[in-house]
Amino acid sequence: MTTITNHLPTTELQALDAAHHMHPFTTNDELAAKGARVITRAKGVYLTDSDGNEILDGMAGLWCVNVGYGREDIVNAAARQMLELPYYNTFFMTTHVPAIALANELAKLAPDDLNHVFFAGSGSEANDTNIRMVRTYWAQKGQPEKSHIISRKNAYHGSSVGSGSLGGMTYMHEQGGMPIPGIHHIGQPDWWAEGSDHTPEAFGLARAQELEAKILELGADKVAAFIGEPVQGAGGVIVPPSTYWPEIQRICDKYDVLIIADEVICGFGRTGNWFGSQTMGIKPHIMTIAKGLSSGYAPIGGSIVCDKVAEVIGACEFNHGYTYSGHPVCAAVALENLRILQEENVIDHVNNVAGPALKSGLEKLAAEHPLVGGLNISGMMASLPLSPHKESRAKFASDAGTVGFMCRERCFANNLIMRHVGDRMIISPPLVITAEEIDVFMTRAKKALDETYTALKEQDMLKAAS
Ligand SMILES: *Cc1c(COP(=O)(O)O)cnc(C)c1O
């Protein structure tokens with residue numbers, strides 16, 4: 001076996017990466033020409049790259065490392081479990097202690113009668129489970145035609161064929177024959193980008209009422225479920241107006257449509273509650289979980305299911321499951337992560353320290369920086385839409401994403417990770433970030449924004465789309 005280690009020079013690692021590694025959501029030829037940034041280690045909220053730079057991770061990996069990097073308790077929990085029982089399945093009338101314990105803990109943490117857990121390896125897999133589960137639910141109740149699922153444009157629910165179909169990313173649908181039949185997409189509650197001169201409240205209500213129109217168009221006896229992220233994440237951190245979710249809830253109740261809350265990002269403290277559904281006042285029948293469930297230390301996801309649905313599914317053989325459903329090592333890691341979240345009062349920290357510090361720092365940027373056209377924030381997830389003319393929330397004349405990409409590169413150069421979605425900068429740091437670390441974040445973010453602004457001026461790109 002050839003040995004490839006941290007000690008190889010960066011250029012050599014980049015060449016080896018380009019030679020054999022196909023990256024997700026990447027134009028691999030472009031990346032090969034440029035060279036990927038090689039991350040070698042991490043501690044707390046800081047990553048280290050192969051050149052020794054210390055980078056503040058404003059994205060918690062991919063929205064997932066809620067308790068921060070380098071947690072030895074989690075490492076030890078995984079090692080103990082690997083020695084005791086590294087793997088066993090839960091298919092054929094068997095179970096194991098980590099799956100039992102994690103399901104029980106999740107049932108305790110989840111609101112209301114969300115008391116049952118179907119495990120998966122990821123958020124995508126869990127949403128595939130949900131498609132089959134809600135359709136099976138209605139079929140078992142004698143209504144097999146009640147099978148259509150309504151989602152939103154620009155939603156993100158994963159990248160498998162099923163979950164990618166639930167998602168509303170058109171650039172994903174263009175590849176590989178998506179969406180699958182029976183999935184429909186209504187408008188998203190993105191007031192900043194699409195609300196024109198409506199008040200946020202009126203706009204939120206109008207967007208929710210698109211659901212009622214779609215249900216009536218399809219027929220209520222054909223609609224199995226509505227799926228939504230309490231706060232859209234990958235779409236650009238879109239915090240819906242306060243009128244939105246209560247109206248969605250009213251409509252789903254009225255037409256007997258199940259609600260799937262995709263909590264993959266919002267769950268486990270991100271919005272200042274255990275679940276985004278609590279922050280937004282949603283009463284879902286199923287919650288999709290992944291990411292923060294294990295803080296990214298091991299891949300695990302699942303569906304938390306209410307009594308009513310679990311009862312119906314439990315009465316038939318549900319012909320569905322994954323080799324790694326409830327994987328014992330991943331479940332042990334998730335349990336340890338949940339212990340840390342509880343014993344270190346991480347959600348209190350979000351509400352009393354980190355959340356307020358993040359909010360006030362970003363509010364200052366939104367108010368004072370000429371490039372920042374607004375702020376979307378819920379707890380520890382936020383976005384700053386960039387604009388050439390903030391008063392009118394104008395978009396740039398350049399292709400969407402051009403300016404966002406420039407700003408992300410300036411962040412990178414200043415040892416800060418912010419992602420961009422189109423021309424929005426995305427912020428989702430580890431929940432345990434301290435007030436001092438948030439100060440570092442703000443200093444680097446402001447510098448990156450200043451540099452972007454200067455570059456735009458120099459290149460005559462501060463122009464609004466007509
Ligand atoms: C990331 C994400 C998913 C997909 O999870 P994977 O683990 O990447 O499959 C699903 N839903 C939401 C809201 C997500 O952010």
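**Figure 1. The side chain of Ser-387 has a polar atom 2.7 Å from the backbone oxygen of Ala-394.** This close-up, like the others, comes from a predicted model. Ser-387 sits in the loop that runs between strand 12 and helix 16 (402-413). With a relative accessibility of 1%, Ser-387 counts as buried, because buried means under 20% relative accessible area. Leaving aside residues up to four places away in sequence, Ser-387 touches Trp-192, Pro-370, Leu-371, Gly-373, Arg-393, Ala-394 and Phe-396.

Figure 2. Domain 1 is made of two stretches of the chain, 37-67 and 345-458, and domain 2 covers 73-343. The C-alpha centres of the two domains are 26 Å apart. On the domain 1 side, 35 residues are in contact with 38 residues of domain 2.

**Figure 3. Arg-424 and Asp-190 are joined by a salt bridge between their side chains.** The distance from N to O in this pair is 2.9 Å. How many salt bridges cross the interface of domain 1 and domain 2? The rule finds 1. Polar contacts between the two domains number 20 residue pairs. Several elements each give two or more residues to the side of domain 1 that touches domain 2, among them helix 15 (346-368), strand 12 (381-385) and strand 15 (424-427). By residue class, this side of domain 1 has 20 nonpolar, 11 polar and 4 charged residues.

**Figure 4. Asp-57 is a buried residue in strand 3 (residues 54-57).** Its relative accessible area is 2%, which is why Asp-57 is classed as buried. The side chain of Asp-57 makes a polar contact of 2.5 Å with the side chain of Tyr-69. A polar atom of the Asp-57 side chain also lies 2.7 Å from the backbone nitrogen of Gly-61. Not counting residues up to four places away in sequence, Asp-57 touches Val-45, Leu-47, Tyr-69, Ile-417, Pro-429 and Pro-430. Arg-339 is 282 residues from Asp-57 in sequence, and the two C-alpha atoms are 23 Å apart in space.

**Figure 5. Asp-256 and Phe-268 each have a positive phi although neither is a glycine.** Most residues other than glycine have a negative phi. The phi of Asp-256 is about 55°, and that of Phe-268 is about 65°. Asp-256 is placed in the loop between helix 11 (244-255) and strand 8 (258-262). Phe-268 is placed in the loop between strand 8 and helix 12 (276-280). Is each residue buried or partly exposed? Asp-256 is partly exposed, at 41% relative accessible area, whereas Phe-268 is buried, at 0%.

**Figure 6. The peptide bond from Met-178 to Pro-179 is cis.** Most peptide bonds are trans. Here omega is near -5°. Pro-179 belongs to the loop between helix 8 (170-173) and strand 6 (183-186).

How values were computed. Residues numbered from 1 in each chain as written. Predicted model: local features only at pLDDT ≥ 70, side-chain atom pairs only at ≥ 80, totals over all residues. Heavy atoms only, no water. Domains from an automatic or database assignment. Contact = heavy atoms within 4.5 Å. Salt bridge = Lys/Arg side-chain N within 4 Å of Asp/Glu carboxyl O. Polar contact = N/O pair within 3.5 Å; in protein donor to acceptor, adjacent residues only side chain to side chain. Helix = DSSP H or I, 4+ residues; strand = E, 2+ residues; numbered from the N terminus. Nonpolar A, V, L, I, M, F, W, Y, C, P; charged D, E, K, R; others polar. Buried < 20%, exposed > 50% of the residue type's maximum accessible area, 1.4 Å probe, protein only.
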